[in-house]
Amino acid sequence: MIKEHLPVLQVIIPLIAAPVCMLAYRPKLAWLIATAVSWTAFIIASILLITVRETGTLSYALGGWAAPWGIEYRVDTISAFVLLIVAGISAVTILFARKSVEREIEPDRIYLFYTAWVLCLTGLLGIAITGDVFNLFVFLEISSLSTYALIAFGSDRRALIAAYRYLVMGTIGATFIVIGIGFLYAMTGTLNMLDLAERLPSVSNTRTIAVAFAFMTVGISLKVALFPLHAWLPNAYTYAPSAVSALLAGTASKVGVYILLRFLFTVFGGGFAFDTMVLNGILLVLALLAILSGPLIAVFQTNLKRMLAYSSVAQIGYTVLGVSLASITGLTASIVHLFNHALIKTVLFMALGAVFYRIGSVSITEINGLGRRMPWTMAAFVAGGLSLIGVPMTAGFISKWYLISASLEKGLWPVVVVIIIASLLAVVYVWRVVEAAYFQPAAEKSSTGVTDTVIKGREEAPLGMLIPIWALVAANIYFGLDASLTTGVARQAAETLLGGLSLTVWGG
Amino acid sequence: MNLFSLSLLLPLILPLAGAVLIALTGGYPNLREAMTLTTASALFLVVVFIYPEIAAGGRPEMLLVETIPGMPLALSVEPLGMLFALVASFLWIVTSLYAIGYMRAHHEENQTRFYVCFAIAIASVMGIAFAANMFTLFVFYEVLTLSTYPLVTHAGTEAAKRAGRVYLGLLLGTSFAFQLVAILWTWTLAGTLDFEPGGILRDHVSQGIISHGAIGVLFALYIFGIGKAALMPFHRWLPAAMVAPTPVSALLHAVAVVKAGVFTVLKVSVYLFGTDLLTETGISQWIMYMAAATILIGSLVAITRDNLKARLAYSTVSQLSYIVLGAMLANAAGIIGAGMHIVMHAFGKITLFFCAGAFMVAAHKTEVSQLRGIGRTMPVTTLAFLIGALCVIGLPPFGGMWSKWYLALGAVEAGQLVFVGVLMVSTLLNIAYLLPIPIQGFFAAPSEAGTGNQSGKDGNDGGWRANIKEAPAFCVAALSITALGCFGLFLFPEPIYRLIAQIV
C-alpha cells in the first residue's frame, strides 16, 4: 500500500523533483513543478500527522534494512508537526513566489532558483523525518547548501556577501555537528537515534561524550541563530529574495530548533542535558538575551526586512526559552511557538515582498502613505504585526500565553517581566511601520516619476500575492481563536519528548 | 444550549455585520448612515429582548470556541453586563444620530472608516459586557483598544498621531504588563478564569495557598492593569484621546471605553475576588485611597483646563474613580452605587460632550472662556449642558443624585467616613468646574461683538454660516434625548437598582 511508504515519499518526491525542475528550464514550468511538489509534500505531511496522532509513532526502514543497521525514518508527533510546518509554509510561499521571483530574479536563472527551493525543501523535510543522526547531517547539508544559493539569488549585490557569511558560519556549525556525531559514533558504534539513546547512558560520564555534547550544542545553536551566534541571520534575511526570506523565516530556524529538541531530549535525554550538563541555565540566559536584544536592535532599523530579521532573533529566543524551562508546559510553548511564529513571520515577510514588488524598496522612509496605496497588503502587515506582538485573537497570543504560564509555573518572575518588556518593544517597532504607512503623506514622486494619478490611486499587489498572504492572515486569526489543534499536538509532542514512547512498526 | 442562548451571539454579530454593510455602502452616505442606525436599533432591541430573562434571575450561557483546553471564549449574561450593554447599545443609537449631524457639518474625511471602526468597537463592548470569563473579557478588551485607535487618530495630524501613541502605549502597556500577568497568575493559581458569584480565589486564600500580601499584589495588578478605568497614574490616555471627533469622545471616551474599564474593575472585584474576600483581607483599602486621590486631583485639574473637551475628560477621570471607589468599598450600597454610576454618569457626560461638539460645530468654540453668552444663540444646547452638568454633579432632579447617594451610603456603612468627605468635596469641585459654563452662557454678555442674534433653535442644518446659531438638527435632537434621559433616570432608577441588587 502506498500509505505505508508515505514517510519515504515525503522526502523522495522533492529529491527527485529537483533535477526535473532543472531540466524543465522554462520558468513557468519550473514553478509548476515546485508548486506541485510543495503541495504534495504538504498533503503527505498532513496525512502523516493525522496518522501519528491516531496510531502513535511510525517507523520506516529504508530499503528494508532494519533499524540499528539501516537508516530509519521515524515519524513521531513532533516530527510530523515540523514536517507540516515546513511543507505548509513552502506550499503557501511558493504561490507567492511566482510574481515575486519574476520581479527580483533574471528570467534565465529562475529555473535554478526553483531547483534550489525544492532541494532546500528536501533537506528540511529530511531532517525532520530521519531517525539517524548521520542522515540528519546529510540533510542538514543539503538544506544549508541550497539555502546559501537561494540567498545569493537576491537582487542586491550584498546578497552575495550575506550568503558567503552564512556559508562560513553555517559550515562551522555543520562541522561542529559532524564532529559531535563522530564522537558519539566512536563511543557507541551506532548512529540510530533510539539506539544511541539506549547506549549513551552507560558512557555518559566520559569526557568524550561531554565534548560531543558541547560541539553539537554549539553547532546547532549556530544553525538556529541563537544569540550570540545569530550574526549571520540579519543580513541573510535582509538581502535574500523576498520569497526566500519568507520561506526561511518560516522553516529554517524551526527545523534548527527541532534538531536541538531531538538531540537534547531523544538522543542525550533531558536528564543528561539539563542535570549533568546544566544546559538549561545557559539556554535560559541566552534566550533572555536574545529576547531583549532582538527588539532593542529592531526598533532602530530603517530596512524593514532587517527589522523583521532582528525580531526573528528574539522569537528564536522565545522558542529556546520554552526548551530551557524543561517542563511539559515550557516545551508545549516552544513547539506551539514554532508553528505560530512560522505563520507570523511568513505573513510579514510576504507582505514586505508585495511592497517591494510595487515600490522597489522596503525602507521605512519609502512606505509613507502606503496604507492608502496598498490597503490589503498593509492591513495584512498590521494583522501579522499584531500577532507578532501577541494581541489576543491572534496566534501570537497563544504562544505568549503558554510561555508566561510556563515561566509562572516555575516561579520565574523576572522571565515574565522580560517577556512583557519585549512584547511592548514589539509594539514600538510594529507601530513605527503603522505610523509611516498610515499617517505620513505619500511621497511627492514615485520611483517611476509619475505623480498624483498613481499616488492617489491604488497600486495593490497582484492577487497571486494577496491570496497566500491573506490565507496566512486567516490562519493567524483562526489559530488564535481555536488553538485546540496546535496546543493539543504540541502538548502530545512535548509529552513524547519528555518520556513515554509508543511505537508502531511499518516495514519498507 | 438552547435557542435563547444563541441569541447571545446576536449582540456580537449584529455590529460586525453592520460594519461590513457600512463598508459596502460607503459610497452612498445616506444609505451608509441608514445602515448604522438600523444596526444600532436592532442591537438595542436584541439587548432589550435578553433583559427580562436576566431580570428574572436567568444566566444564559453560550460557548463560542474552546481556545485552549479549559479556557474557552464564552458568553454569559449577568446583571452588571446587562446594564452595561443596555446603556452602551441605547447610547449608540443616539450617538449615531448625533454623528450624522456632526460629521457632515464638520466635513470630516474618511467617514466610512469612522463608522466601521465605531461598529467594531461596539461589538467588542458587547463582548466585554457578556464575557463569561476573564479571558474572554481580556480578548474583547484588547479588540476595543485596537478598534478605537483609528478613531482617536482620525484626523491623521501630527497631534493625532502623538495622542494615538499615548493611547495605545498606556492601554496596551498596562493591559500587557499588569492585566495579562494577573490573569495568567490567576489561571496558574485557580485553574479557571470563570466569573463566579463569590469569586474563585477565596478558597486559595483561606487554605493559605496564597498569602495576603501576594493576593494584594495580584489585586493591584488587576486594578492598574485595567488602564481603561483611568485610575491615576495611568489616566493620561483619556485626555489624549480627546483629539478624536466629538462623537467618539462622547460615546467611547465618556461611555463605552471608560465604562468598559470600570465595568472590568467591578467584574474582577465581584466575580473573581468576591466582595467577602476584599473586605476580609482589606486588600482594597489602599486602592480606595488611590481612587479618592484620583477623584480629587482629576477635579482639580479639570478646573484649570480652558479647553472644554479637556475639562470634560478630566471630569471623566475623576468620575470613573467614583465607580472604582464603590467597587472597593465592597458592600451592597457601594456596588449598587458603582453600578448605578455607570449609567448615570454615562447619560450626564454624553450630554456634556454632545453639547461641546455642538458648540464647536455651530459656533466654532472650543474653549470655556469663549462660551460667554452662548446661551443667547444656542439656548437648547446650553440648557442641555446645564442638565448634563447637574446630573454629573449629582443634584436632583437628575439621575446622578441616586448613584452619589448610594456611594455615600456605602462609605458610611463601611465606616469609611473619610470617603464621604471626599465625595462631598468632589461635588463642590464639580460645581466649580461645570456650572459656570451654562451660567455664563446664559447670563454673561457675549465676549465678541456681532453675535447678538436672539434666534433659538433653527432646525436648518446649514451649520457653517454665522447667522445660524444652533447645531445641526441631528445634533440637537441627540443631546435633547440624553438630557431628557438624565431626568428620566431620576424618576425611574428602580429597574437599575433591582438589577444590581441581584448580585449583592
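Where do chains A and B touch? In this predicted model, 21 residues of chain A are in contact with 23 residues of chain B, contact meaning that two C-beta atoms, placed from the backbone, lie within 7 Å. Helix 17, helix 18 (413–439) and helix 21 of chain A each give two or more residues to the side that touches chain B. Helix 18 of chain A gives the most, with 8 residues. By class, that side of chain A has 14 nonpolar, 4 polar and 3 charged residues; Ala, Val, Leu, Ile, Met, Phe, Trp, Tyr, Cys and Pro count as nonpolar, Asp, Glu, Lys and Arg as charged, and the others, Gly among them, as polar.

A word on bookkeeping: residues are numbered from 1 along each chain as its sequence is written, and chains are lettered from A and ligands numbered from 1 in the order in which they are written. Local features need pLDDT of at least 70 and side-chain atom pairs count only at pLDDT 80 or more, while totals for chains, interfaces and linings use all residues. Helices (H or I, at least four residues) and strands (E, at least two) are DSSP runs, numbered from the N terminus.

Now take helix 21 of chain A, residues 484–497. Just after helix 21 of chain A, A:Gly499 takes a positive phi of about 135°.

Over in chain B, look at helix 22 (residues 494–501), where B:Ile496, B:Leu499 and B:Ile500 are buried. They cover an arc of only 90° around the axis, going by the directions from the helix axis to the C-beta atoms, which puts them on the same side of the helix. The face turned away from that buried side carries exposed B:Glu494 and B:Arg498. Cover for the buried residues includes helix 3 (29–55), helix 4 (79–105) and helix 15 (332–363) of chain B.

Stepping back, chain B has 22 helices and 2 strands. Of its 504 residues, 63% count as buried.

Key. A residue is buried if 20 or more other C-beta atoms lie within 10 Å of its own, exposed if 12 or fewer, and partly exposed in between; C-beta atoms are placed from the backbone. The expected span of a helix is 1.5 Å times one less than its number of residues.
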